[in-house]
Amino acid sequence: MFGEKRAKEIVQDVLQRCAPQPSEVLLMAEEKALTRFANNYIHQNVAETNVEMIVRLVAGRDQIGSATTNILEPEALDEVVERAKANAQASPSDPDFNGLAKPATYDRVGSYDEKTMEYPPQKRAEAVGVVCRLATEKGLNASGSFSTGGGELVVANSEGVFAYYPQTQADFQTVVMADDASGYAQRSHWRVNTLDVENLGREAIHKAIRGRKPRNIESGEYPVVLDAYATADILEMLSWYGMGALSVFEGRSWMNDRMGEQAMSPLVNICDDGLDDRGIPMPFDFEGVPKQRVDIVRAGIVQGPVYDRYIGGKMGKESTGHALPPTARPLSPLPMNLFMQPGETPTEGLINSTERGLYITRFHYTRLVHPRDCVITGMTRDGVFWIEKSELAYPVKNLRFTQGYVKALADVETLGSETRLLTSEYLPGSMFVPALKLKIFHFTGLTA
């Protein structure tokens, strides 16, 4: 970790090397560690320290070039600036370029925890060891990972922007296997001490035991209770395929032709809020624009996407603070702090209010079929149970489904009160999600 003072010295030095051309410097430093386990044994412990600097430079009025380095020696800084200049000069003019971000003020957020940053491998091993021993005692096989660490994000430009943000992050996830069943549990947070690893292990073990001897059921449409892990997949896919302004601009978002319309249940409220400390806060984006809360769906009515400066400018909208790094700009903008408002019914109550249907732990290997309705195909995983007379009656074999996720959220009957904060391997940022009860979900058959 550089600290704010040293980080500012580094980026200001690079900006001076870029002068007199307009320029932007993005500095991302990270220190992270990971303990992996499988077959009830720890098999890997790794730690990584890295820094990435991206220099974006303007040649002429609107020729943009960028270059990246992870070496901060003076010679390397000269070299990355020269590459950015050369790339800018070789780039075609972009008449939609609207300049660099202007200076702004940023809210301070709680996002850094020293204990998480310094969390020793022995403690990760001890926590993982408890889960492995519990699984061994039950004749089960536990695998998964426990990661801790953090980093710094710095954005500065020749217009006078300087934004500094330190962050920590911890995540535990496990899959526990029986011969014919499995269970899953996960939690994420920026404070490692909020993760109850033992209880997460017990959650996965309980589902694996309860899921033994699963039965076949017919394909078709069933009412479902979705655990928050499955809700997270719905939110993630809706984000990838339509919550960013680029997909709306290009006409391939599920939001197209639904703006201002009642597309989902009135119970559904989805927002992106980088300042909400129930998530993993982030006060500004990768252009140095302050984060704004964006209501994406309010009472089931589609409000609109998130914006960065470039796509926002093309659409006549202000940035909402959702730009990604230049290296990911073809995907930009995207929400990074998603929230679905919970309800007042515990998960057990969602089950108890269901006469017949299915309880789903999570979805797996989900892929897009049709973007405009966000139709997704995938499989259930790590715990599917038949609900009969308001109780979990017996386990069910994993099912394949093809389902429009917009339609799924139109069929929400009840929102759960219990929430989970989760990070994803694919979506940047975090998701704060509840369990859901849907009146219908379409399954096409067994997975095997």
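At 34% relative accessibility, Arg252 counts as partly exposed, because that class lies between buried (under 20% relative accessible area) and exposed (over 50%), with a 1.4 Å probe and protein chains only. Glu250, at 48% relative accessibility, is also partly exposed. Arg252 and Glu250 form a salt bridge, with 2.7 Å between the closest N and O atoms. A salt bridge here is a side-chain nitrogen of Lys or Arg within 4 Å of a carboxyl oxygen of Asp or Glu. Elsewhere, salt bridges that share partners join Glu24, Arg56, Glu287 and Arg329 into one network.

The model is predicted: local features need pLDDT of at least 70, side-chain atom pairs count only at pLDDT 80 or more, and totals for chains, interfaces and linings use all residues. Residues are numbered from 1 along each chain as its sequence is written, and side-chain values use heavy atoms, leaving out hydrogens and water.

The whole structure holds 28 salt bridges. One of them pairs Arg17 with Asp78, at 2.5 Å between the closest N and O atoms. Arg17 belongs to helix H1 (residues 4-18) and Asp78 to helix H2 (residues 74-90), so this pair ties together parts that are 61 residues apart in sequence. Helices (H or I, at least four residues) and strands (E, at least two) are DSSP runs, numbered from the N terminus. Arg17 has 23% relative accessibility and Asp78 has 39%; both are partly exposed.

Six strands form an open, antiparallel sheet in the order S3-S2-S1-S4-S5-S6; two strands pair if DSSP finds at least two bridges between them. Strands S3 (63-69) and S6 (182-189) stand at the edges with a single partner strand each, so one side of each has no neighbour in the sheet. On average, neighbouring strands are turned by 15° against each other, direction ignored. S1 (residues 23-38) and S2 (residues 41-59) pair over 16 bridges, and Glu31 stands opposite Thr49 in S2.

Helices pack on this sheet. H1 touches S1, S2, S4 (141-157) and S5 (162-177), and its direction makes about 135° with that of S1. Contact means heavy atoms within 4.5 Å. Axes are lines fitted to C-alpha atoms, for helices over the stretch in contact, and angles run from 0 to 180 degrees between N-to-C directions. Helix H5 (residues 197-210) touches S4, S5 and S6, and makes about 155° with the direction of S6.
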